[in-house]
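Please look over the sequence and the structure shown here before reading the notes that follow.

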Amino acid sequence: SAAVGLDLRYGLRPTLNADLTLNTDFSQVEADVQQIGASRFSVRFPEKREVFLENSGVFQFGPGNDRSNQISLKPGTSAGGRDSGVEGDPILFFSRRIGLAENGAPIPIGLGLRLTGRALGGRVGALYVRERDSAAQLRSDFLVLRGRREILHGSDVGFMSVGRNRAAGADSSVGGVDLNLRLRPNVRAYGYAATAFADRPLSSSTGDRSTLRAGIAWSDPRWVADGSWGKVGPAFRNDAGFTPRTGVARAQALLGRRFRPSGGTGFVREIYPAFGLTSLKNATGAFDSRYLEERLLVTLRDGATLELGANPNEEQLDARFVVNEPNGLFVGPGRYEFTDRFIAFATSRSHRLALEARLGGGGYYDGTRRLLTLGASGRVNQHLSGSLSFTRDRMEMPKGEAVTDTLVLRVNYGFSTRLFLNALLQYNSSSRRWDTNVRANFIHRPLSDIFLVFTDSRATNAPAQRNRTVAFKITRLVSF
(Lines give C-alpha, C1' and ligand atoms only; values in the text may rest on other atoms or scores of the structure.)
Protein backbone atom coordinates (compact mmCIF):
# COMPACT_ATOMS: atom_id res chain seq x y z
CA SER A 1 0.00 0.00 0.00
CA ALA A 2 1.10 3.59 -0.61
CA ALA A 3 0.49 6.72 1.43
CA VAL A 4 1.43 10.38 1.32
CA GLY A 5 2.23 12.46 4.38
CA LEU A 6 3.15 16.05 5.08
CA ASP A 7 5.31 17.73 7.73
CA LEU A 8 5.22 21.53 7.86
CA ARG A 9 7.08 23.97 10.11
CA TYR A 10 6.31 27.67 10.32
CA GLY A 11 8.14 30.23 12.41
CA LEU A 12 5.50 32.40 14.05
CA ARG A 13 8.30 34.48 15.54
CA PRO A 14 12.07 33.96 16.02
CA THR A 15 11.52 32.04 19.30
CA LEU A 16 8.20 30.32 18.56
CA ASN A 17 7.61 27.53 16.00
CA ALA A 18 4.46 25.76 14.83
CA ASP A 19 4.60 22.22 13.38
CA LEU A 20 1.95 20.36 11.40
CA THR A 21 2.03 16.69 10.47
CA LEU A 22 -0.46 14.75 8.33
CA ASN A 23 -0.50 10.96 7.86
CA THR A 24 2.69 10.67 9.91
CA ASP A 25 4.86 7.68 9.08
CA PHE A 26 7.44 6.05 11.41
CA SER A 27 8.65 3.22 9.19
CA GLN A 28 12.28 4.41 9.40
CA VAL A 29 12.38 4.30 13.24
CA GLU A 30 14.57 1.61 14.80
CA ALA A 31 12.76 -1.30 16.47
CA ASP A 32 12.60 -1.55 20.26
CA VAL A 33 15.33 -3.48 22.03
CA GLN A 34 13.95 -6.49 23.88
CA GLN A 35 13.95 -6.28 27.68
CA ILE A 36 13.81 -9.00 30.30
CA GLY A 37 10.82 -8.02 32.42
CA ALA A 38 10.80 -9.99 35.67
CA SER A 39 9.55 -7.14 37.82
CA ARG A 40 5.94 -6.89 38.97
CA PHE A 41 5.76 -3.42 37.42
CA SER A 42 5.29 -2.36 33.80
CA VAL A 43 8.34 -2.11 31.55
CA ARG A 44 8.78 1.35 30.03
CA PHE A 45 10.34 1.42 26.57
CA PRO A 46 12.10 4.65 25.52
CA GLU A 47 10.77 6.94 22.81
CA LYS A 48 12.67 6.65 19.51
CA ARG A 49 10.45 8.56 17.08
CA GLU A 50 12.14 11.77 16.07
CA VAL A 51 8.93 13.76 15.77
CA PHE A 52 8.31 13.24 19.51
CA LEU A 53 11.94 13.49 20.60
CA GLU A 54 12.32 16.96 19.08
CA ASN A 55 11.68 19.60 21.74
CA SER A 56 10.52 16.85 24.11
CA GLY A 57 12.11 18.66 27.04
CA VAL A 58 9.35 21.25 26.86
CA PHE A 59 6.82 18.61 27.98
CA GLN A 60 8.81 17.19 30.90
CA PHE A 61 7.08 17.61 34.25
CA GLY A 62 8.55 17.53 37.73
CA PRO A 63 12.15 16.84 38.80
CA GLY A 64 12.59 13.75 36.60
CA ASN A 65 14.55 10.66 37.65
CA ASP A 66 17.98 12.26 37.98
CA ARG A 67 18.34 10.43 41.31
CA SER A 68 19.29 7.26 39.42
CA ASN A 69 22.27 9.01 37.85
CA GLN A 70 23.40 10.26 41.26
CA ILE A 71 23.39 6.94 43.06
CA SER A 72 24.53 4.54 40.35
CA LEU A 73 26.50 4.50 37.12
CA LYS A 74 23.66 2.62 35.49
CA PRO A 75 20.09 2.50 36.83
CA GLY A 76 18.43 -0.89 37.04
CA THR A 77 21.54 -2.77 38.18
CA SER A 78 19.66 -5.03 40.54
CA ALA A 79 19.15 -8.63 39.46
CA GLY A 80 15.66 -8.47 40.91
CA GLY A 81 14.50 -5.58 38.75
CA ARG A 82 13.47 -3.78 41.94
CA ASP A 83 14.46 -0.36 40.57
CA SER A 84 11.00 -0.26 39.01
CA GLY A 85 9.68 0.10 42.54
CA VAL A 86 12.07 2.95 43.30
CA GLU A 87 11.50 4.93 40.12
CA GLY A 88 7.83 5.40 40.87
CA ASP A 89 7.20 8.98 39.75
CA PRO A 90 4.30 9.18 37.29
CA ILE A 91 5.16 10.65 33.90
CA LEU A 92 2.35 13.05 33.10
CA PHE A 93 2.92 12.91 29.33
CA PHE A 94 4.41 9.74 27.82
CA SER A 95 4.62 10.16 24.05
CA ARG A 96 4.67 6.40 23.39
CA ARG A 97 0.97 6.37 24.22
CA ILE A 98 0.49 8.09 20.86
CA GLY A 99 0.51 5.98 17.70
CA LEU A 100 1.26 2.70 19.49
CA ALA A 101 -1.12 0.12 20.96
CA GLU A 102 -0.41 -1.58 24.29
CA ASN A 103 1.21 -4.51 22.45
CA GLY A 104 3.45 -2.17 20.41
CA ALA A 105 1.43 -2.43 17.19
CA PRO A 106 1.44 0.85 15.21
CA ILE A 107 -1.65 3.05 15.03
CA PRO A 108 -1.76 5.52 12.10
CA ILE A 109 -1.69 9.23 12.98
CA GLY A 110 -3.95 11.38 10.88
CA LEU A 111 -3.16 14.84 12.23
CA GLY A 112 -0.68 16.43 14.58
CA LEU A 113 -0.18 20.05 15.64
CA ARG A 114 2.62 21.30 17.90
CA LEU A 115 3.60 24.73 19.18
CA THR A 116 6.91 25.13 21.06
CA GLY A 117 9.19 27.98 21.97
CA ARG A 118 9.31 31.06 24.13
CA ALA A 119 6.30 33.33 24.64
CA LEU A 120 4.56 35.22 27.42
CA GLY A 121 7.83 35.51 29.31
CA GLY A 122 8.55 31.76 29.49
CA ARG A 123 8.71 28.45 27.63
CA VAL A 124 5.46 27.13 26.20
CA GLY A 125 4.35 23.95 24.48
CA ALA A 126 1.09 22.71 23.02
CA LEU A 127 0.44 19.41 21.26
CA TYR A 128 -2.66 17.99 19.62
CA VAL A 129 -2.68 14.59 17.91
CA ARG A 130 -5.55 12.70 16.31
CA GLU A 131 -5.06 9.02 15.54
CA ARG A 132 -6.95 7.01 12.95
CA ASP A 133 -8.84 3.79 13.61
CA SER A 134 -6.78 0.66 13.05
CA ALA A 135 -6.86 -3.07 13.59
CA ALA A 136 -4.79 -2.57 16.76
CA GLN A 137 -7.34 -0.38 18.55
CA LEU A 138 -9.79 2.47 18.02
CA ARG A 139 -8.34 5.95 17.62
CA SER A 140 -7.66 8.50 20.36
CA ASP A 141 -7.26 12.26 20.50
CA PHE A 142 -4.49 13.72 22.66
CA LEU A 143 -4.13 17.29 23.94
CA VAL A 144 -1.11 18.48 25.94
CA LEU A 145 -0.52 22.03 27.23
CA ARG A 146 2.67 23.07 29.00
CA GLY A 147 4.02 26.35 30.37
CA ARG A 148 7.11 27.13 32.43
CA ARG A 149 8.43 30.48 33.64
CA GLU A 150 11.69 31.41 35.33
CA ILE A 151 11.47 33.19 38.68
CA LEU A 152 13.89 34.37 41.36
CA HIS A 153 17.13 34.05 39.37
CA GLY A 154 17.46 30.36 38.52
CA SER A 155 14.17 28.99 39.80
CA ASP A 156 11.08 28.16 37.75
CA VAL A 157 7.41 27.35 38.10
CA GLY A 158 5.18 25.63 35.55
CA PHE A 159 1.84 24.04 34.80
CA MET A 160 0.81 21.12 32.62
CA SER A 161 -2.45 19.67 31.34
CA VAL A 162 -2.81 16.37 29.47
CA GLY A 163 -5.92 14.68 28.14
CA ARG A 164 -6.89 11.66 26.09
CA ASN A 165 -10.24 11.07 24.45
CA ARG A 166 -10.89 7.58 23.07
CA ALA A 167 -13.33 6.88 20.26
CA ALA A 168 -14.50 3.93 22.34
CA GLY A 169 -15.90 6.40 24.87
CA ALA A 170 -13.16 6.52 27.50
CA ASP A 171 -11.75 9.91 28.52
CA SER A 172 -9.13 10.97 31.03
CA SER A 173 -7.45 14.26 31.85
CA VAL A 174 -4.83 15.42 34.34
CA GLY A 175 -3.63 18.86 35.36
CA GLY A 176 -0.77 19.89 37.63
CA VAL A 177 1.87 22.42 38.67
CA ASP A 178 5.59 21.93 39.37
CA LEU A 179 8.21 24.07 41.06
CA ASN A 180 12.01 24.11 41.20
CA LEU A 181 13.58 26.56 43.66
CA ARG A 182 17.28 27.39 43.74
CA LEU A 183 17.56 28.30 47.43
CA ARG A 184 21.36 28.55 47.41
CA PRO A 185 24.05 27.66 44.86
CA ASN A 186 24.16 24.07 46.21
CA VAL A 187 20.62 23.69 47.52
CA ARG A 188 17.54 22.98 45.43
CA ALA A 189 13.96 22.42 46.54
CA TYR A 190 11.50 20.81 44.15
CA GLY A 191 7.95 19.59 44.04
CA TYR A 192 4.85 18.97 41.98
CA ALA A 193 1.16 18.29 42.46
CA ALA A 194 -1.30 16.96 39.89
CA THR A 195 -4.90 15.83 39.91
CA ALA A 196 -6.85 13.49 37.63
CA PHE A 197 -10.19 15.01 36.74
CA ALA A 198 -13.43 13.09 36.26
CA ASP A 199 -12.96 10.38 33.67
CA ARG A 200 -15.30 8.26 31.57
CA PRO A 201 -15.96 5.51 32.38
CA LEU A 202 -15.23 6.01 36.08
CA SER A 203 -12.13 4.31 37.46
CA SER A 204 -12.65 1.10 39.37
CA SER A 205 -10.58 2.64 42.19
CA THR A 206 -12.20 5.26 44.36
CA GLY A 207 -10.82 7.97 46.58
CA ASP A 208 -7.75 10.16 46.12
CA ARG A 209 -7.15 11.17 42.47
CA SER A 210 -4.01 13.21 43.09
CA THR A 211 -0.26 12.70 42.96
CA LEU A 212 2.40 14.89 44.52
CA ARG A 213 6.03 14.95 45.52
CA ALA A 214 8.23 17.39 47.46
CA GLY A 215 11.92 17.24 48.22
CA ILE A 216 15.16 19.05 48.86
CA ALA A 217 18.58 18.25 47.39
CA TRP A 218 22.17 19.25 48.07
CA SER A 219 24.93 18.87 45.47
CA ASP A 220 28.54 20.07 45.48
CA PRO A 221 31.84 18.60 44.24
CA ARG A 222 32.04 16.35 47.34
CA TRP A 223 28.58 15.63 48.71
CA VAL A 224 25.27 14.59 47.17
CA ALA A 225 22.18 14.40 49.34
CA ASP A 226 18.48 14.19 48.52
CA GLY A 227 15.33 13.62 50.52
CA SER A 228 11.74 13.55 49.28
CA TRP A 229 8.22 12.37 50.01
CA GLY A 230 5.45 11.73 47.52
CA LYS A 231 2.28 9.79 46.87
CA VAL A 232 0.05 8.54 44.08
CA GLY A 233 -3.63 8.22 44.97
CA PRO A 234 -5.46 4.95 44.30
CA ALA A 235 -7.86 6.67 41.85
CA PHE A 236 -5.18 8.58 39.93
CA ARG A 237 -5.67 7.76 36.25
CA ASN A 238 -3.77 9.17 33.28
CA ASP A 239 -4.20 7.40 29.94
CA ALA A 240 -1.79 9.83 28.25
CA GLY A 241 1.07 9.18 30.68
CA PHE A 242 2.94 6.42 32.43
CA THR A 243 2.06 5.54 36.02
CA PRO A 244 4.05 2.59 37.41
CA ARG A 245 1.98 2.32 40.59
CA THR A 246 -1.08 3.84 42.23
CA GLY A 247 -2.19 3.87 45.86
CA VAL A 248 1.29 4.26 47.37
CA ALA A 249 3.15 6.83 49.48
CA ARG A 250 6.91 6.95 48.99
CA ALA A 251 9.71 8.41 51.13
CA GLN A 252 13.24 8.50 49.74
CA ALA A 253 16.68 9.49 50.98
CA LEU A 254 20.07 9.53 49.29
CA LEU A 255 23.57 10.30 50.54
CA GLY A 256 26.76 10.12 48.51
CA ARG A 257 30.37 11.29 49.01
CA ARG A 258 32.97 11.83 46.30
CA PHE A 259 36.63 11.20 47.14
CA ARG A 260 39.46 12.20 44.77
CA PRO A 261 42.72 10.56 45.85
CA SER A 262 45.80 12.69 45.10
CA GLY A 263 43.52 15.41 43.85
CA GLY A 264 42.31 13.22 40.99
CA THR A 265 45.77 13.00 39.39
CA GLY A 266 46.57 9.36 40.27
CA PHE A 267 45.50 6.03 38.82
CA VAL A 268 42.10 6.34 40.54
CA ARG A 269 40.26 9.51 39.61
CA GLU A 270 37.30 9.19 41.96
CA ILE A 271 35.80 6.91 44.62
CA TYR A 272 32.07 7.42 45.12
CA PRO A 273 30.20 5.50 47.84
CA ALA A 274 26.44 6.14 47.98
CA PHE A 275 23.54 4.92 50.06
CA GLY A 276 19.86 5.16 49.23
CA LEU A 277 16.65 4.26 51.07
CA THR A 278 13.14 3.99 49.67
CA SER A 279 10.16 3.19 51.88
CA LEU A 280 6.65 2.69 50.51
CA LYS A 281 3.27 2.38 52.21
CA ASN A 282 -0.03 1.43 50.63
CA ALA A 283 -3.21 3.50 50.51
CA THR A 284 -4.22 2.42 54.03
CA GLY A 285 -0.84 3.42 55.50
CA ALA A 286 0.33 -0.17 55.96
CA PHE A 287 3.81 -1.39 54.99
CA ASP A 288 4.28 -2.07 51.28
CA SER A 289 8.02 -2.35 50.61
CA ARG A 290 11.46 -1.12 51.58
CA TYR A 291 14.52 -0.95 49.34
CA LEU A 292 18.11 -0.18 50.23
CA GLU A 293 20.78 0.75 47.72
CA GLU A 294 24.43 0.38 48.68
CA ARG A 295 26.88 1.44 45.97
CA LEU A 296 30.61 1.90 45.57
CA LEU A 297 31.69 3.36 42.24
CA VAL A 298 35.39 3.66 41.38
CA THR A 299 36.36 5.71 38.32
CA LEU A 300 39.86 5.20 36.94
CA ARG A 301 42.01 7.84 35.34
CA ASP A 302 41.26 6.76 31.77
CA GLY A 303 37.49 6.72 32.38
CA ALA A 304 37.08 2.99 33.14
CA THR A 305 34.67 2.21 35.97
CA LEU A 306 34.28 -0.50 38.59
CA GLU A 307 31.04 -0.65 40.57
CA LEU A 308 29.98 -2.84 43.49
CA GLY A 309 26.52 -2.85 44.95
CA ALA A 310 24.02 -4.59 47.19
CA ASN A 311 20.24 -4.19 47.29
CA PRO A 312 18.44 -5.46 50.41
CA ASN A 313 14.72 -5.74 49.66
CA GLU A 314 11.64 -6.22 51.80
CA GLU A 315 8.22 -6.47 50.16
CA GLN A 316 4.65 -7.33 51.09
CA LEU A 317 2.74 -8.87 48.17
CA ASP A 318 -1.05 -9.01 48.33
CA ALA A 319 -1.43 -10.88 45.04
CA ARG A 320 0.71 -13.21 43.03
CA PHE A 321 2.53 -12.13 39.88
CA VAL A 322 4.08 -14.12 37.05
CA VAL A 323 7.85 -13.83 36.58
CA ASN A 324 8.22 -16.26 33.67
CA GLU A 325 5.08 -17.25 31.79
CA PRO A 326 6.56 -19.93 29.44
CA ASN A 327 7.86 -21.88 32.44
CA GLY A 328 4.91 -21.14 34.73
CA LEU A 329 7.00 -19.41 37.42
CA PHE A 330 5.23 -17.05 39.78
CA VAL A 331 5.59 -15.42 43.19
CA GLY A 332 2.68 -15.89 45.59
CA PRO A 333 1.28 -13.47 48.19
CA GLY A 334 3.29 -12.97 51.35
CA ARG A 335 6.13 -11.02 52.92
CA TYR A 336 9.60 -11.45 51.45
CA GLU A 337 13.09 -10.36 52.46
CA PHE A 338 16.01 -10.91 50.11
CA THR A 339 19.24 -9.28 48.96
CA ASP A 340 20.85 -9.23 45.56
CA ARG A 341 24.37 -8.04 44.81
CA PHE A 342 26.30 -7.11 41.70
CA ILE A 343 29.74 -6.22 40.38
CA ALA A 344 30.28 -4.36 37.13
CA PHE A 345 33.24 -3.20 35.10
CA ALA A 346 33.38 -1.04 31.99
CA THR A 347 36.38 0.15 30.01
CA SER A 348 36.65 3.73 28.82
CA ARG A 349 34.31 4.76 26.01
CA SER A 350 37.16 6.73 24.47
CA HIS A 351 38.89 3.52 23.34
CA ARG A 352 38.25 2.10 19.90
CA LEU A 353 36.91 -1.06 21.56
CA ALA A 354 34.88 -0.65 24.76
CA LEU A 355 33.99 -3.66 26.92
CA GLU A 356 31.62 -4.07 29.82
CA ALA A 357 30.59 -6.92 32.10
CA ARG A 358 28.05 -7.15 34.88
CA LEU A 359 27.37 -10.07 37.20
CA GLY A 360 24.51 -9.89 39.68
CA GLY A 361 22.49 -12.25 41.76
CA GLY A 362 21.23 -13.38 45.11
CA GLY A 363 17.82 -13.84 46.64
CA TYR A 364 14.71 -13.23 44.58
CA TYR A 365 11.51 -13.48 46.67
CA ASP A 366 11.28 -17.20 47.57
CA GLY A 367 13.99 -18.23 45.11
CA THR A 368 17.27 -17.07 43.62
CA ARG A 369 18.27 -15.21 40.52
CA ARG A 370 21.54 -14.79 38.59
CA LEU A 371 22.04 -12.19 35.88
CA LEU A 372 25.08 -11.98 33.60
CA THR A 373 25.58 -9.26 30.99
CA LEU A 374 28.51 -9.00 28.59
CA GLY A 375 28.87 -6.24 26.03
CA ALA A 376 31.29 -4.84 23.47
CA SER A 377 31.05 -1.77 21.29
CA GLY A 378 33.49 0.00 19.05
CA ARG A 379 34.46 1.51 15.76
CA VAL A 380 36.50 -0.45 13.23
CA ASN A 381 37.15 2.58 11.03
CA GLN A 382 35.45 5.76 9.88
CA HIS A 383 32.80 3.69 8.08
CA LEU A 384 32.03 0.70 10.32
CA SER A 385 30.88 0.64 13.97
CA GLY A 386 28.69 -1.61 16.06
CA SER A 387 27.91 -3.26 19.36
CA LEU A 388 27.14 -6.73 20.70
CA SER A 389 25.54 -7.59 24.03
CA PHE A 390 24.59 -10.90 25.64
CA THR A 391 22.46 -11.36 28.77
CA ARG A 392 21.71 -14.57 30.65
CA ASP A 393 18.97 -14.48 33.28
CA ARG A 394 18.66 -17.60 35.42
CA MET A 395 15.83 -18.00 37.94
CA GLU A 396 15.40 -20.85 40.41
CA MET A 397 12.00 -20.87 42.12
CA PRO A 398 10.16 -23.49 44.18
CA LYS A 399 8.00 -24.34 41.14
CA GLY A 400 11.00 -24.79 38.83
CA GLU A 401 13.67 -22.83 37.04
CA ALA A 402 14.04 -20.80 33.87
CA VAL A 403 16.97 -19.54 31.83
CA THR A 404 16.49 -16.67 29.40
CA ASP A 405 19.22 -15.60 26.98
CA THR A 406 19.01 -12.39 24.98
CA LEU A 407 21.36 -11.33 22.22
CA VAL A 408 21.45 -7.87 20.66
CA LEU A 409 23.69 -7.03 17.70
CA ARG A 410 23.96 -3.58 16.11
CA VAL A 411 25.91 -2.77 12.95
CA ASN A 412 26.26 0.72 11.46
CA TYR A 413 28.00 1.33 8.14
CA GLY A 414 28.46 4.68 6.45
CA PHE A 415 29.21 4.32 2.75
CA SER A 416 29.58 8.10 2.48
CA THR A 417 28.30 11.25 4.14
CA ARG A 418 24.98 10.67 2.35
CA LEU A 419 24.41 6.90 2.43
CA PHE A 420 24.06 4.88 5.66
CA LEU A 421 23.07 1.34 6.61
CA ASN A 422 21.92 0.35 10.12
CA ALA A 423 21.06 -3.17 11.23
CA LEU A 424 19.60 -4.47 14.49
CA LEU A 425 19.41 -8.22 15.20
CA GLN A 426 17.86 -9.61 18.41
CA TYR A 427 17.16 -13.02 19.88
CA ASN A 428 15.20 -14.03 22.99
CA SER A 429 15.43 -17.68 24.05
CA SER A 430 12.32 -17.49 26.25
CA SER A 431 10.05 -16.60 23.33
CA ARG A 432 12.42 -18.23 20.81
CA ARG A 433 12.03 -15.13 18.67
CA TRP A 434 14.43 -13.59 16.17
CA ASP A 435 13.86 -9.92 15.30
CA THR A 436 15.67 -8.24 12.41
CA ASN A 437 15.51 -4.57 11.49
CA VAL A 438 17.64 -3.25 8.60
CA ARG A 439 17.42 0.41 7.52
CA ALA A 440 19.11 2.08 4.57
CA ASN A 441 19.11 5.89 4.46
CA PHE A 442 20.15 8.00 1.48
CA ILE A 443 20.21 11.81 1.83
CA HIS A 444 19.33 12.88 -1.71
CA ARG A 445 19.41 16.58 -0.79
CA PRO A 446 19.85 18.56 2.47
CA LEU A 447 17.29 17.40 5.06
CA SER A 448 15.60 15.18 2.44
CA ASP A 449 15.90 11.40 2.71
CA ILE A 450 15.12 8.11 1.02
CA PHE A 451 14.58 5.17 3.41
CA LEU A 452 14.40 1.46 2.65
CA VAL A 453 13.45 -0.57 5.73
CA PHE A 454 13.29 -4.35 6.10
CA THR A 455 11.73 -5.87 9.25
CA ASP A 456 11.41 -9.55 10.05
CA SER A 457 10.07 -11.14 13.24
CA ARG A 458 9.75 -14.90 13.64
CA ALA A 459 9.58 -17.52 16.36
CA THR A 460 11.50 -20.73 15.74
CA ASN A 461 8.78 -22.77 17.47
CA ALA A 462 5.98 -21.21 15.36
CA PRO A 463 7.21 -20.65 11.77
CA ALA A 464 3.68 -19.82 10.56
CA GLN A 465 3.58 -16.71 12.75
CA ARG A 466 6.36 -14.97 10.86
CA ASN A 467 5.89 -11.25 10.26
CA ARG A 468 7.90 -9.63 7.47
CA THR A 469 7.57 -6.10 6.06
CA VAL A 470 9.41 -3.91 3.57
CA ALA A 471 8.90 -0.14 3.60
CA PHE A 472 10.08 2.49 1.14
CA LYS A 473 9.87 6.14 2.16
CA ILE A 474 10.86 9.41 0.47
CA THR A 475 11.00 12.77 2.23
CA ARG A 476 11.72 16.14 0.64
CA LEU A 477 12.23 19.47 2.32
CA VAL A 478 10.63 22.47 0.63
CA SER A 479 11.57 25.87 2.07
CA PHE A 480 9.54 28.98 1.48
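The report below covers model confidence, nonpolar cores, a surface patch, salt bridges and backbone angles.

## Basis and confidence

This is a predicted model, in which local features need pLDDT of at least 70 and side-chain atom pairs count only at pLDDT 80 or more, while totals for chains, interfaces and linings use all residues. Residues are numbered from 1 along each chain as its sequence is written, and side-chain values use heavy atoms, with hydrogens and water left out.

The pLDDT, the predictor's confidence in each residue on a scale from 0 to 100, has a mean of 87 over the chain, and 92% of the residues reach 70 or more. Over residues 73-86, however, the pLDDT is below 50, and this stretch has 46 contacts in the model beyond near neighbours in sequence; a contact means heavy atoms within 4.5 Å.

## Nonpolar cores

A nonpolar core is a set of buried Ala, Val, Leu, Ile, Met, Phe, Trp, Tyr and Cys residues joined through side-chain atoms within 4.5 Å, where buried means under 20% relative accessible area, exposed over 50%, and partly exposed in between (1.4 Å probe, protein chains only). The largest core has 21 residues, of which F93, I98 and M160 touch the most other members. The elements that give two or more residues to this core are β4 (122-131), β5, β6 (155-166) and β8 (187-196), and β8 provides the largest share, three residues. Strands here are DSSP runs of E with at least two residues, numbered from the N terminus.

Leaving aside neighbours within four places in sequence, F93 is in contact with F59, I98, L127, V144, M160, V162, A240 and G241. A second, separate core of twelve residues includes F321, V331, Y365 and A402.

## A nonpolar surface patch

On the surface, L296, L306, L308, I343, F345, L359, L372 and L374 form a nonpolar patch, with about 610 Å² of accessible area together. Patch residues have over 30% relative accessible area and no salt bridge, and nonpolar side chains (Val, Leu, Ile, Met, Phe, Trp, Tyr) are joined within 5 Å; the areas come from the Shrake-Rupley method with a 1.4 Å probe, and for residues only the protein chains shown count as cover. Two or more residues of the patch come from each of β14 (305-317), β17 (334-346) and β19 (367-379). F345 lies in strand β17 and is partly exposed, with a relative accessible area of 37%.

## Salt bridges

With a salt bridge taken as a side-chain nitrogen of Lys or Arg within 4 Å of a carboxyl oxygen of Asp or Glu, the count comes to 32. R139 pairs with D141, the closest N and O atoms being 2.7 Å apart; R139 is partly exposed at 22% relative accessibility, whereas D141 is buried at 10%.

D178 and R146 form another salt bridge, with 2.8 Å between the closest N and O atoms. D178 lies in strand β7 (residues 171-184) and R146 in strand β5 (residues 140-151), so the pair ties together parts that are 32 residues apart in sequence. Both D178 and R146 are buried. R9, D19, E54 and R114 are linked in a network of salt bridges.

## Positive phi angles

L120, in the loop between β3 (109-119) and β4, has a positive phi near 55° although this residue is not glycine, and L120 is exposed at 77% relative accessibility. R432, in the loop between β22 (419-428) and β23 (433-445), likewise has a positive phi near 55° and is partly exposed, with a relative accessible area of 44%.

Note on methods:
Patch = residues over 30% accessible without salt bridge, like charges linked within 9 Å, V, L, I, M, F, W, Y side chains within 5 Å. Helix = DSSP H or I, 4+ residues; strand = E, 2+ residues; numbered from the N terminus.
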